[in-house]
Amino acid sequence: MQLTKQVLIFVNKKFGNGYLINSPSLEFALQKESSRVFGSLPEIMRALLVDHCFEDGNKRTAAFLLISFFENNRIPVNPERVVKTIREIAMKSPTSTEKIRSMIKYAARNR
């Protein structure tokens, strides 16, 4: 499934109110094309967890997207690590998407 603004609003409505308060950040993240590991997922995680693009439900939306990404790509996922990673990104607010990319890799490890 192609991630679009409308898809992310739909997903956020399952966990929050779907009210977008920082549209430019989300649009920027969605425009990023990347051939690197996890594609544009780090940019989307940054928009959700650092820039808080939705009024409510950013962490829950991010966790859902991360778990869905892992499952769709048959990457073993550890739900406890996903929760820990989401919280860590939200608390530390890293500006570097490379740092977020490495944090996402941690969540994928199944040990």
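This is a predicted model: local features need pLDDT of at least 70, side-chain atom pairs count only at pLDDT 80 or more; totals for chains, interfaces and linings use all residues.
A residue counts as buried when its relative accessible area is under 20%, as exposed when that area is over 50%, and as partly exposed in between.

The account can start with helix α5, which covers residues 79–92. Helix α5 has 14 residues, and the span from its first C-alpha to its last is 20 Å, close to the 20 Å expected at 1.5 Å a residue. Which residues of α5 are buried? They are Arg-81, Val-82, Thr-85, Ile-86, Ile-89 and Ala-90. Viewed down the axis of α5, these buried residues fall within an arc of 165°, so they line one face of the helix. That face has partners: the buried residues of α5 pack against α3 (41–49), α4 and α6 (97–108). Glu-80, Arg-87, Met-91 and Lys-92, on the other side of α5, are exposed.

After α5 comes Ser-93, which has a positive phi, near 45°.

Next come the aromatic rings. A pair of such rings is described by the distance of the centres and the angle of the planes. How many aromatic pairs does the structure hold? There are two. In one, Phe-15 and Phe-64 are tilted, with 5.7 Å from centre to centre and 45° between the planes. Phe-15 belongs to helix α1 (residues 5–15) and Phe-64 to helix α4 (residues 58–72), so this pair ties together parts that lie 49 residues apart in sequence. Phe-15 has a relative accessible area of 27%, so the residue is partly exposed. Phe-64 is also partly exposed, because its relative accessible area is 38%.

The other aromatic pair is made by Phe-69 and Phe-70, arranged edge-to-face, with 6.2 Å between the centres and 65° between the planes.

Charged side chains provide another kind of pairing. Lys-5 forms one with Glu-27, and the closest N and O atoms of the two are 2.8 Å apart. Lys-5 sits in helix α1 and Glu-27 in helix α2 (residues 23–31), so the bridge ties together parts that are 22 residues apart in sequence. The relative accessibility of Lys-5 is 24%, which means that Lys-5 counts as partly exposed. Glu-27 counts as partly exposed too, because its relative accessibility is 34%.

Another salt bridge joins Asp-51 and Arg-46, whose closest N and O atoms are 2.9 Å apart. Here Asp-51 is partly exposed, with a relative accessible area of 25%. The side chains of Arg-60 and Asp-56 also meet in a salt bridge, at 3.3 Å from N to O. Arg-60, at 43% relative accessibility, counts as partly exposed, and Asp-56 is partly exposed with a relative accessible area of 38%.

Conventions:
Residues are numbered from 1 along each chain as its sequence is written. Side-chain values use heavy atoms; hydrogens and water are left out. Rings of Phe, Tyr and Trp (its six-membered ring) pair if their centres lie within 6.5 Å; planes under 30 degrees apart count as stacked, over 60 as edge-to-face and the rest as tilted. Helices (H or I, at least four residues) and strands (E, at least two) are DSSP runs, numbered from the N terminus. Buried means under 20% relative accessible area, exposed over 50%, partly exposed in between (1.4 Å probe, protein chains only). The expected span of a helix is 1.5 Å times one less than its number of residues. The arc is that of the directions from the helix axis to the C-beta atoms. Contact means heavy atoms within 4.5 Å. A salt bridge is a side-chain nitrogen of Lys or Arg within 4 Å of a carboxyl oxygen of Asp or Glu.
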